Amino acid sequence: GRSIPCIPVSCGQCLICHRAKLIPGLNITRESIRNAPFCESCAKTKARHSSFAKTASNRPTRILQTTHADVCGPVGTQSLAGAKYFVVCLCGYSTRAWVFFIATKDQAATEMIRFLTNIKGPKGEQPHTVVTDGGEFDSIHFKDALDKLGV
């Protein structure tokens, strides 16, 4: 077969192709690797990054301190009670989840207010912060209800 002349290797991809024999006749030598020009992309790819923190600095320290909520749906099959959506509430501290089934998205805020009004931790803890993506929970009615509950 025809031999491809030795080329300067500036990218690890060439070496991979050479070792896997993907390009017949590709000839890479130690000398071509040693004389290869600096490749900024390769340097950035191989650079070490700082490690992530072992624990999150904003992690909740008590039950119901942070409650996450989202609306999911519509689901493919409607329930016997007529629900096509559901609201998921998650305690950021205990990771306990509550699921409430609703027929339409506009019921999400009302269901969430009912949940926040009635939920208490084992030692009487009340919800403190609610985290949502906005959407269905982005209404004056919902914000007023949160203010009244002290959330």
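**A walk around the sheet**

Guide: Let's start at a hairpin: β2 and β3 form it with five residues between them, and Thr95 in the turn has a positive phi of about 60°. Helices (H or I, at least four residues) and strands (E, at least two) are DSSP runs, numbered from the N terminus. Keep in mind that this is a predicted model, where local features need pLDDT of at least 70 and side-chain atom pairs count only at pLDDT 80 or more, while totals for chains, interfaces and linings use all residues. Residues are numbered from 1 along each chain as its sequence is written, and side-chain values use heavy atoms, with hydrogens and water left out.

Visitor: In which sense do β2 and β3 pair, and over how many bridges?

Guide: Two strands pair if DSSP finds at least two bridges between them. Strand β2 covers residues 85–91, and its pairing with β3 is antiparallel, over six bridges.

Visitor: What is the strand order of the open sheet?

Guide: The sheet has four strands with mixed pairing. β3 and β4 stand at the edges with a single partner strand each, so one side of each has no neighbour in the sheet. The order is β3-β2-β1-β4.

Visitor: At about what angle does α4 run to β3?

Guide: Axes are lines fitted to C-alpha atoms, for helices over the stretch in contact (heavy atoms within 4.5 Å). Angles run from 0 to 180 degrees between N-to-C directions. α4 lies across β1 (66–72), β2, β3 and β4, and its angle to β3 is about 140°.

Visitor: How many salt bridges does the count come to?

Guide: The rule asks for a side-chain nitrogen of Lys or Arg within 4 Å of a carboxyl oxygen of Asp or Glu. One of the pairs is Lys143 with Asp138, with closest N and O atoms 3.0 Å apart. The count is three.

Visitor: Which residue does Glu136 form a salt bridge with?

Guide: Glu136 lies in the loop between β4 (129–131) and α5 (140–149), and its partner is in the loop between β3 (97–102) and α4 (108–118), so the pair ties together parts that are 31 residues apart in sequence. Glu136 is partly exposed at 23% relative accessible area. The closest N and O atoms are 3.3 Å apart, and the partner is Lys105.

Visitor: How far apart are the closest N and O atoms of Glu111 and Arg114?

Guide: These two are three residues apart in helix α4, so about one helical turn separates them. Glu111 is buried at 16% relative accessibility, whereas Arg114 is partly exposed at 42%. Their closest N and O atoms are 2.2 Å apart.

Note on methods. Buried means under 20% relative accessible area, exposed over 50%, partly exposed in between (1.4 Å probe, protein chains only).
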